[in-house]
Amino acid sequence: MRCPFCGCQDSKVIDSRDVDDSIRRRRECLNPECIGRFTTYERLQAVALFVVKKDNRREEFSREKVLAGLQKAADKRPLPRGSLTRIADDIEQTLYRSGHAEVASTIVGELVMERLRDLDPIAYVRFASVYREFRDIDALREELEALASGTQPARLQLPLLDEAEFAPPSL
């Protein structure tokens with residue numbers, strides 16, 4: 001592992017711990033002129049999972065992209081530390097556990113919306129306004145009324161995950 005301070009390739013692990021579904025390693029540079037300490041995380045690289053977009057393009061699933069969308073929606077919201085990371089991890093695990101090589105992008109979006117709705121209503125509305133592409137104020141008002149009343153419009157109900165939901169759209 002290359003030291004981020006001096007670039008030396010020799011380091012030793014001084015502490016190792018399991019953190020969620022990764023391993024956190026505390027390292028120390030062995031360069032006598034540096035002796036910097038840094039942390040690395042190791043995660044299991046699962047089999048590639050592809051997301052099928054609305055225009056039938058295929059793109060490799062990116063947890064970082066999901067997390068970036070969550071962070072944009074929750075910008076400046078008072079959320080518990082690490083909650084967005086846990087959501088991204090949960091979505092990633094749900095998709096990989098499905099056992100499918102491809103998943104429709106709508107499933108990813110719905111999973112994000114479901115979790116944001118439970119976490120923070122403002123972040124949910126921010127994400128929904130972009131994801132649902134509200135064309136007018138009436139569509140937004142309908143979404144807000146459903147959120148305020150605690151009901152969920154039928155289009156937001158996620159079915160049980162099965163073969164049909166994870167299958168890419170037909171060509």
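In which helix is the place of Arg63? Arg63 sits in helix α1 of a predicted model, in which local features need pLDDT of at least 70, side-chain atom pairs count only at pLDDT 80 or more, and totals for chains, interfaces and linings use all residues. Residues are numbered from 1 along each chain as its sequence is written, and side-chain values use heavy atoms, with hydrogens and water left out.

**Figure 1. Overview of the helices and strands of the protein.** The protein holds six helices and six strands. Helices (H or I, at least four residues) and strands (E, at least two) are DSSP runs, numbered from the N terminus. Read from the N terminus on, the elements follow the order β-β-β-β-β-α-α-β-α-α-α-α. Of the 171 residues, 36% count as buried; buried means under 20% relative accessible area, exposed over 50%, and partly exposed in between, with a 1.4 Å probe and protein chains only. The protein exposes about 10900 Å², and carbon and sulfur atoms supply 51% of that area. Accessible areas come from the Shrake-Rupley method with a 1.4 Å probe; for residues, only the protein chains shown count as cover. Among contacts in the protein with a separation of 6 or more, 48% are between residues 24 or more positions apart, where contact means heavy atoms within 4.5 Å.

Figure 2. Arg63 counts as buried because its relative accessibility is 11%. With neighbours within four places in sequence left aside, Arg63 is in contact with Arg43, Thr85, Ala88, Asp89 and Glu92.

**Figure 3. The antiparallel sheet of β1, β2 and β3.** Three strands form this open sheet, in the order β1-β2-β3. Two strands pair if DSSP finds at least two bridges between them. β1 and β3 (37–43) stand at the edges with a single partner strand each, so one side of each has no neighbour in the sheet. From one strand to the next, the twist averages 25 degrees. Eight bridges join β1 (residues 11–19) to β2 (residues 22–29), and Asp18 stands opposite Ile23 in β2. Seven bridges link β2 and β3 in the antiparallel sense; the bridge partner of Arg27 in β3 is Phe38.

**Figure 4. Residues with positive phi: Asp20, Ile35 and Lys76.** Most residues other than glycine have a negative phi. Asp20 takes a positive phi near 50 degrees in the hairpin of β1 and β2, which has two residues between the strands. Ile35 has phi near 50 degrees and lies in the loop between β2 and β3. Ile35 counts as partly exposed because its relative accessibility is 47%. For Lys76, phi is near 65 degrees, and the residue is placed in the loop between α1 and α2 (83–97). Lys76 is exposed because its relative accessible area is 79%.

**Figure 5. The mixed sheet of β5, β4 and β6, with helix α3.** This open sheet of three strands has the order β5-β4-β6. β5 (58–60) and β6 (102–104) are the edge strands, each pairing on one side only. Direction ignored, neighbouring strands are turned by 35 degrees against each other on average. Strand β4 (residues 50–52) pairs with β6 in the parallel sense over three bridges, and Val103 in β6 is the bridge partner of Val51. Helix α3 (residues 105–119) packs on the sheet and touches β4 and β6; its direction makes about 65 degrees with that of β6.

**Figure 6. Packing of helix α1 against helix α4.** Helices α1 (residues 63–73) and α4 (residues 121–131) pack at an angle of about 115 degrees, with their axes 8 Å apart. Axes are lines fitted to C-alpha atoms, for helices over the stretch in contact, and angles run from 0 to 180 degrees between N-to-C directions. Gly69, Lys72 and Ala73 of α1 make the contact with Ala123, Arg126 and Phe127 of α4. By class, the contact has three nonpolar, one polar and two charged residues. Ala, Val, Leu, Ile, Met, Phe, Trp, Tyr, Cys and Pro count as nonpolar, Asp, Glu, Lys and Arg as charged, and the others, Gly among them, as polar.

**Figure 7. Gly7 and Cys34.** Gly7 lies in the segment before β1 and counts as partly exposed because its relative accessibility is 25%. Gly7 and Cys34 are 27 residues apart in sequence and 9.7 Å apart in space, C-alpha to C-alpha.
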